[in-house]
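Dear colleague,

Please find below the sequence and structure that I am handing over to you. A summary of what was found follows.

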Amino acid sequence: MAFLSQRTRKNGKVWLVSFRLDDQRQRSIYLGDVTETQAKDSLWHIENLLRAKKINTDPKDATATWVSTLKGSSVRDSLVKHGLIASCDAPRIDAEQRKLKPFLQRCIDDMTDSKPATRVNYGSTRNWLLDYFTDDQLLTDITPSDMTRWQRHIKGKLGAVSNRNKHVQRAKRFMKTAVEDRLLKASPAAHLKFEAGKTDKSRQFFIDVALTKLIMDGLPDANWRMLFALMRWQGMRRLEAIELDWSEVDLAGNRLRFTSTKTGYRECPIFPETLPYILDAADLRGQQQAKVVKWHAGEDSVTPLLIKQVEKITKAKAWPKICINLRSTRRTELDDHFPGHVVSAWLGHSEKVAREHYQQVTAEHWDRASKQVSTQVSISGGQEGIRGVQSDTTESENSEKPEEKQHSIAVADSYECPRKDSNLGPGD
């Protein structure tokens with residue numbers, strides 16, 4: 001873990017202890033003009049400090065006593081510099097700040113580089129912690145068993161497994177921060193495990209072409225139609241849509257080239273369904289409008305205002321998770337025509353995320369499956385019917401091609417789309 005060596009200097013040889021921390025960079029602490037016995041003794045104590053730092057515990061009493069004898073020395077300064085001991089000049093945290101409520105609020109206030117929605121989510125977890133623990137609860141009095149009981153508490157209050165797991169994840173982050181701030185020796189939430197369970201897809205909703213056209217025709221102006229087109233046909237996140245610059249629209253290359261705050265730089269084609277709206281609005285570029293969508297409010301205002309527009313047009317309650325399901329619908333459509341890794345690159349998420357949260361089984365999938373089964377199995381014909389179907393498979397598939405064209409999604413009507421497997425028939 002650490003080793004002892006000597007260096008030759010003008011005034012003679014000096015001892016130093018070398019070691020590596022988590023970043024694997026080698027560090028050294030010069031011990032000065034000491035005897036070999038004293039150097040070996042220092043090596044033993046420094047190894048104890050490294051071990052204590054690694055497992056996040058207090059060093060042995062003998063090492064703590066040795067550290068106390070180093071006041072004012074360069075060795076102590078080096079130990080502080082490398083994070084092996086705390087500085088005597090470090091600000092002390094008073095008893096009030098060691099309580100759970102002010103600590104949680106301080107953690108959220110320190111998240112200055114996070115999005116507002118992230119701080120809101122952590123605030124929700126803070127509320128669930130304070131719903132179980134008292135405001136005067138000391139961090140040091142929270143035990144692993146207390147955190148286990150808290151997890152059972154939210155299990156009885158929150159229905160969705162994914163929601164509960166998010167709160168557990170944030171609670172673990174809170175307690176880890178307490179350890180990093182040296183308020184706790186070990187995290188009482190480290191042992192908490194996430195609940196197993198499939199993603200809840202009960203709130204998924206497919207916005208078909210007919211409903212899309214109804215909403216597009218009912219939106220009040222071209223700016224609203226541009227926003228809806230970017231979210232529905234391009235599958236863009238709401239922040240990506242309202243932050244899109246005209247400089248990121250490459251009409252010659254038929255691409256959008258933009259940088260997302262969530263996924264970084266990304267390129268995606270301008271799909272045929274979106275192109276007319278972009279062309280209609282292209283003249284606005286000369287009217288000092290840098291953004292494709294004129295949106296003066298924040299990202300969080302998109303969802304409630306869009307819900308209001310949809311409910312006004314459809315005269316019914318808007319579908320759940322309105323922005324996510326617009327993106328989910330486009331992902332499902334494109335998956336029927338392009339390889340998964342291509343769609344993931346265009347929309348900016350992984351195939352695993354797509355499987356768990358975006359891909360849907362639509363009514364068209366059921367219709368195509370039922371038609372295929374009906375051409376392959378004849379209940380009244382028995383084996384003769386099956387043999388007859390085997391010989392007539394090609395004719396059945398060819399006869400259904402025009403019908404399949406009528407039921408295909410808008411992306412197939414707009415341009416030629418290669419199937420994932422060219423050997424499969426239209427109904428496969």
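**Findings**

Lys321 is found in the loop between H12 and H13; helices (H or I, at least four residues) and strands (E, at least two) are DSSP runs, numbered from the N terminus. Phi of Lys321 is near 45°, a positive value in a residue other than glycine. At 35% relative accessibility, Lys321 counts as partly exposed; buried means under 20% relative accessible area, exposed over 50%, and partly exposed in between, with a 1.4 Å probe and protein chains only.

Please note that this is a predicted model, in which local features need pLDDT of at least 70 and side-chain atom pairs count only at pLDDT 80 or more, while totals for chains, interfaces and linings use all residues. Residues are numbered from 1 along each chain as its sequence is written, and side-chain values use heavy atoms, with hydrogens and water left out.

Asn254 also has a positive phi, near 55°, and is a residue other than glycine. Its place is in the loop between strand S4 (249–250) and S5. With a relative accessible area of 32%, Asn254 is partly exposed.

**Overall composition**

The protein has 19 helices and 6 strands. Of its 428 residues, 38% count as buried. The protein exposes about 24,800 Å², of which carbon and sulfur atoms supply 51%; accessible areas come from the Shrake-Rupley method with a 1.4 Å probe, and for residues only the protein chains shown count as cover. Among contacts (heavy atoms within 4.5 Å) with a separation of 6 or more, 58% are accounted for by residues 24 or more positions apart.

An open sheet of 3 strands has the order S1-S2-S3, with antiparallel pairing; two strands pair if DSSP finds at least two bridges between them. Strand S1 (2–9) and strand S3 (26–32) stand at the edges with a single partner strand each, so one side of each is left without a neighbour in the sheet. On average, and with direction ignored, neighbouring strands of this sheet are turned by 35° against each other.

S1 is joined to strand S2 (residues 12–20) by 8 bridges, and Gln6 stands opposite Trp15 in S2. Between S2 and S3 there are 6 bridges; the bridge partner of Arg20 is Gln26 in S3. The hairpin of S2 and S3 has 5 residues between the strands, and Gln24 takes a positive phi near 70° there.

Helix H1 (residues 36–55) lies across S1, S2 and S3, and runs at about 135° to S1. Axes are lines fitted to C-alpha atoms, for helices over the stretch in contact, and angles run from 0 to 180 degrees between N-to-C directions.

**Nonpolar cores**

A nonpolar core is a set of buried Ala, Val, Leu, Ile, Met, Phe, Trp, Tyr and Cys residues joined through side-chain atoms within 4.5 Å. The largest one has 44 residues, and Leu227, Leu256, Leu306 and Trp319 have the most contacts inside it. Elements that each supply at least two residues of this core include helix H8 (209–218), strand S5 (255–260) and helix H14 (340–347). Its largest share, 7 residues, comes from H9.

Leaving aside neighbours within four places in sequence, Leu306 is in contact with Trp224, Phe228, Met231, Ile322, Cys323 and Leu326. A second, separate core of 26 residues includes Leu129, Ile142, Ala171 and Ala178.

Gln309 is found in helix H12 and, at 16% relative accessibility, counts as buried. Not counting residues up to four places away in sequence, Gln309 touches Leu219, Pro220 and Trp224.

**Helix packing**

H9 and H13 pack at an angle of about 50°, with their axes 8 Å apart. That makes H9 oblique to H13; angles under 35 degrees count as roughly parallel, over 145 as roughly antiparallel, 65 to 115 as roughly perpendicular and the rest as oblique. The contact involves Phe228, Met231 and Arg232 of H9, and Cys323, Leu326, Arg327, Thr329, Arg330 and Glu333 of H13.

The axes of helix H4 (residues 100–109) and helix H7 (residues 161–180) come within 11 Å and cross at roughly 95°, which makes H4 roughly perpendicular to H7. Here Leu100, Phe103, Leu104, Cys107 and Ile108 in H4 meet Phe174, Met175, Thr177 and Ala178 in H7.

Yours sincerely
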